[in-house]
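Subject: Structure handover

Hello,

The structure is below for you to take over. My notes on it follow.

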Amino acid sequence: SIGHCSLYRYASCPEWQRIIPWAACPMNVGQDAFKKEICAQQVAISEVDAIWPLVAPEIIKCLEKTPSYMTAADLWVMCRSGSAFMIAVHDGVEIKAASIWQFEGKNFICLMLVGRQSERWIPALYEVAAQIARSGGATSLMASARMGLPKKLKKFIPSLKITRCTFSVEV
């Protein structure tokens with residue numbers, strides 16, 4: 001998983017408790033139940049620097065596999081400045097996934113998505129991203145991805161449509 005945070009560290013770290021407090025998750029029905037649930041939350045700008053070291057290694061690894069015109073540093077600066085939104089998905093103990101989004105006209109664009117076992121967290125991430133998108137006046141979520149992801153997402157988001165194809169050629 002991404003950015004492992006032991007229960008001991010979670011319980012004893014005031015910064016971590018501020019970032020993802022037990023009561024902040026709408027799925028929370030008590031501490032024990034929360035530990036088993038997946039929760040997606042928008043990361044406050046003031047907390048990006050605390051979360052970044054937990055997700056940066058996966059973001060860097062993703063960018064090495066699938067190069068982008070942006071670097072991990074670009075994404076970090078965008079999240080710190082408020083020009084992009086970070087959503088962290090966690091189970092109360094560790095971060096399971098992270099995504100970075102930006103408004104572009106009427107679209108809310110996913111610039112980065114990292115995580116494992118997506119079947120556990122895609123619905124929670126989708127709900128938070130859609131809520132932020134609607135709050136900002138966007139009418140759609142958009143993302144580019146490696147070939148297998150759209151098919152996997154379609155199971156959880158039946159209205160998903162593939163609207164374009166991205167390709168690369170070495171020169």
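Ring pairs join Phe85, Trp101, Phe103 and Phe108 into a cluster. Rings of Phe, Tyr and Trp (for Trp, its six-membered ring) pair if their centres lie within 6.5 Å; planes under 30 degrees apart count as stacked, over 60 as edge-to-face and the rest as tilted. By this rule there are five aromatic pairs. In one of them, phenylalanine 85 and phenylalanine 108 have ring centres 5.7 Å apart and planes at 70°, so the pair is edge-to-face. This pair links distant parts of the chain, 23 residues apart: phenylalanine 85 lies in strand β2 (residues 85–90) and phenylalanine 108 in strand β4 (residues 107–115). Phenylalanine 108 is buried at a relative accessible area of 0%, while phenylalanine 85, at 21%, is partly exposed. Here buried means under 20% relative accessible area, exposed over 50% and partly exposed in between, with a 1.4 Å probe and protein chains only.

A word on the basis. This is a predicted model, in which local features need pLDDT of at least 70 and side-chain atom pairs count only at pLDDT 80 or more, whereas totals for chains, interfaces and linings use all residues. Residues are numbered from 1 along each chain as its sequence is written, and side-chain values use heavy atoms, with hydrogens and water left out.

Next, the helices. Helices (H or I, at least four residues) and strands (E, at least two) are DSSP runs, numbered from the N terminus. The axes of α4 (residues 48–65) and α5 (residues 72–81) come within 10 Å and cross at roughly 150°. Axes are lines fitted to C-alpha atoms, for helices over the stretch in contact, with angles from 0 to 180 degrees between N-to-C directions. The two helices are therefore roughly antiparallel to each other, a label for angles over 145 degrees. Contact (heavy atoms within 4.5 Å) is made by Val48, Asp49, Trp52, Ile59, Ile60 and Leu63 of α4 with Ala72, Leu75, Trp76, Cys79 and Arg80 of α5. These residues divide into nine nonpolar, no polar and two charged, where Ala, Val, Leu, Ile, Met, Phe, Trp, Tyr, Cys and Pro count as nonpolar, Asp, Glu, Lys and Arg as charged, and the others, Gly among them, as polar.

Two single residues remain. Glutamate 104, in strand β3 (residues 95–104), is exposed with a relative accessible area of 51%. Its C-alpha atom is separated by 9.7 Å from that of methionine 142, 38 residues apart along the chain. Glutamine 117 is not a glycine, yet has a positive phi of about 55°; glutamine 117 sits in the loop between β4 and α6 (118–135) and counts as partly exposed at 47% relative accessibility.

Regards

Methods:
Angles under 35 degrees count as roughly parallel, over 145 as roughly antiparallel, 65 to 115 as roughly perpendicular and the rest as oblique.
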